[in-house]
Amino acid sequence: MSYSQVGTPIGVDYNVAMSKVDDVFLHSQQMMSTSSAPKSNLKDEQHELDKPSNRISQELQNFYSDHGVNVESLLLAQKTDPMPHRFVRLNPRYSQSETLTMLKEELSDQKDLLPVAWIGSKWGFHALPASFALATSKCFKTGRIYGMDVSSGAGPAVLLSTIHDKVESVHDEPIGDNSSDEIRVLDLCCCPGLKLCALADFLQEKHATIVGVDVSESRMALCKKIVTKYHVDAETSGTVKPADGEKMRIQLYCQDGTTFGMSQSDRNTLVFDSRSALEEISARGKRKRMNKSARARERKRLRLLGSADWKPVIGEDNLPSIKPFDFVLVDAECSTDSSIKHLKERLKDTGSQREEENTMLTNQAQLTDLVDLQKRLIESGYRLLKPGGVLVYSTCSLSHDQNENVVDWLLKKEPGAVLIPVHFPEARSSKLVAEGQLEGTVRFYPNLGQESIGLYGDGFFLAKIGKKSIV
């Protein structure tokens, strides 16, 4: 998922200056008004200037309209908070009852803490008031909760569970039911790491390897910090001792997701292994920082670990060099247009007259390049999926080009690919959760105060795809 946002924030000093200029201008206009220019007209004109949609390019407004979103009503809703709720997910390695008690103590009204039922109780999502200060929360600082939008949690939930499947599993047999079998999971666009941690939490009692891949070094650095906080650091992970990490491990590769696994050289891009990190922490004791010898030990461990899951010899069959995966999540780079709360945040500054734009949507050349990247990512994920495995493709875009059209392209290209229809029965009454244009896919529409009871979050799209064993 892209960190790119629509437009570039204008400097604070400029905003302050422009705000003052606007105030003077409006005051002078009011003073110059005469009996021939009724005050009501001036108010109407100012009202038009203040309408958020007047600061969004017409091309972007047309995009939202074409995708069934009334951007005017969304942006005008909930003026003080861009969303009615914010969402957290409980860290399952802590006592959930203790965490909930601590959270309630941080709230002025304990009734404001609400479980999110539609996604499934095992995922531990709860809604809090939008004004909840996550960064200063003791529960957040101590690693008891993740700050994660519930719509984003739908991807891991659909991938690793069949409770959202409309029909019985269409792939050959349940994967990972045998406790002796290793479950291999790939998060192909893993940063910042919250979905990766959700996958790891769900499989923490299984013999599992969760592999995260991202091409950006800076994003991967953030991902390592998040994974370390919640799955390695004894003070914040809920892990009592290193032995707790022996069943499940997390590995991170800084590599291009469109080609990952096709070359043995990719194994040298392993930058993190949770078991290695736990061993290193145990070895250095109370010392927080890694010294030169510790860094050398880590590099050596990673080289050895990076060889374990790769073929010893490169064949000529054009098949991946890495062991295939049972589950693959492709949360693809996208235009992020369904995160309307971010758009509204940027429009809060009434002094800014800059028009918001998203050229990934309105510039055909950029959109074509983006869709091409998404096709290469989903193709790569499918290639790394073992026969009988399951893939989920998702974005935080409303664009049919980036969603249904990409999935349909893969289904037509790969004879063994089959769409597994999914739904969320608990959310059937919501106008914010609907079937996509491609039957069996799911669309979440952004909730900005429209359904305060429904506990829905940002916009999201997902599709679940199986890989037949025999083609």
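Arg93 and His231 meet side chain to side chain in a polar contact of 3.5 Å. Here a polar contact is a pair of N or O atoms within 3.5 Å; within protein, one must be able to donate a hydrogen and the other to accept it, and residues adjacent in sequence count only if both atoms are side-chain atoms. Keep in mind that this is a predicted model, where local features need pLDDT of at least 70 and side-chain atom pairs count only at pLDDT 80 or more, while totals for chains, interfaces and linings use all residues. Numbering starts from 1 along each chain as its sequence is written, and side-chain values use heavy atoms, with hydrogens and water left out.

Back to Arg93. Its spot is the loop between strand E1 (85–90) and helix H5 (96–106); helices (H or I, at least four residues) and strands (E, at least two) are DSSP runs, numbered from the N terminus. Arg93 counts as buried because its relative accessibility is 19%, and the label buried is for anything under 20% relative accessible area, using a 1.4 Å probe and protein chains only. The side chain of Arg93 also makes a polar contact of 3.2 Å with the side chain of Gln204. Setting aside neighbours within four places in sequence, the residues in contact with Arg93 include Tyr146, Asp201, Tyr230 and Ser237, contact being heavy atoms within 4.5 Å. Ser237 is 144 residues from Arg93 in sequence, yet their C-alphas are 7.2 Å apart.

Now for the rings. The whole structure holds 10 aromatic pairs, meaning rings of Phe, Tyr and Trp (its six-membered ring) with centres within 6.5 Å. One of them is Tyr146 with Tyr230, stacked (planes under 30 degrees apart), at 3.9 Å centre to centre and 20° between the planes. The two partners come from distant parts of the chain, 84 residues apart: Tyr146 is in strand E4 (residues 145–147) and Tyr230 in helix H9 (residues 217–231). Both Tyr146 and Tyr230 are buried. Elsewhere, Trp118, Phe424, Phe444 and Tyr456 make up one aromatic cluster.

Some rings have a charge over the face, that is, NZ of Lys or CZ of Arg within 6 Å of the ring centre and within 35 degrees of the ring normal:

| Charged residue | Ring | Distance to ring centre |
|---|---|---|
| Arg89 | Tyr146 | 4.0 Å |
| Lys229 | Phe140 | 3.7 Å |

Last stop: Ser380, in helix H14 (residues 364–383). With 0% relative accessibility, Ser380 counts as buried. Its side chain reaches the backbone oxygen of Gly257 at 2.7 Å. Beyond its neighbours within four places in sequence, Ser380 is in contact with Leu188, Gly257, Thr258, Thr259 and Phe260.

Terms used:
Buried < 20%, exposed > 50% of the residue type's maximum accessible area, 1.4 Å probe, protein only. Phe/Tyr/Trp six-rings, centres within 6.5 Å; stacked < 30°, edge-to-face > 60°.
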